[in-house]
Amino acid sequence: MLLFKASGQTYPGVVAHRRHAFHGKPQTFHRNELVLLSKNRTDCVGLEKQVQYVGKLIDIRKPIGADEFELYWPGSHGAERWNYVAELYSIRRLDAPFNLNEIRELDWKHYKTVQGFAVFREPDVALLVNHLVTSNSDTVREFI
């Protein structure tokens, strides 16, 4: 399971275009892997939660060209900041968005400073799956 973090400025584009961009590339990732789409905490307004959407990974690749970043995230100067594009499918809005620190026993501090993406540690994956099943059962059912 992966965590993709985006700024408040680029988050809507990540969801709408089913793409996320970042500087580095995860060393391990799998097609069809579940991805939590998170907004940076500092960009959340009021009581807004960070993780609002989930999706599945198609692939992580080099961009087609520098203009690809401008197409999906206008004004972001993506070609200067990012080297990879992740393509997603089956993006679903969660019925019950959440912050990682709300999940009991999750090592949320490990993911607090994530820039771009993180691969969840195995013990945390089990906690996240359990949380999703209990808090967002309709969305989880759609994936299954």
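View 1. Thr10 is buried, with 7% relative accessible area (buried means under 20%, exposed over 50% and partly exposed in between, using a 1.4 Å probe and protein chains only). This is a predicted model, in which local features need pLDDT of at least 70 and side-chain atom pairs count only at pLDDT 80 or more, while totals for chains, interfaces and linings use all residues. Residues are numbered from 1 along each chain as its sequence is written, and side-chain values use heavy atoms, with hydrogens and water left out. Trp73, Ser76 and Trp82 touch Thr10, not counting residues up to four places away in sequence (contact means heavy atoms within 4.5 Å).

**View 2. The salt bridge of Glu48 and Lys39.** The closest N and O atoms of this salt bridge are 2.9 Å apart (a salt bridge is a side-chain nitrogen of Lys or Arg within 4 Å of a carboxyl oxygen of Asp or Glu). Glu48 is partly exposed at 22% relative accessibility, whereas Lys39 is buried at 10%.

**View 3. The salt bridge of Glu102 and Lys49.** The side chains of Glu102 and Lys49 meet at 2.3 Å, N to O. Glu102 is partly exposed, with a relative accessible area of 37%, and Lys49 is partly exposed at 27%.

**View 4. The salt bridge of Asp107 and Arg121.** Here the N to O distance is 2.9 Å. Asp107 is partly exposed, at 33% relative accessible area, and Arg121 is partly exposed at 39%.

**View 5. A network of salt bridges.** Arg61, Glu68 and Glu87 are linked in this network. The structure holds 6 salt bridges.
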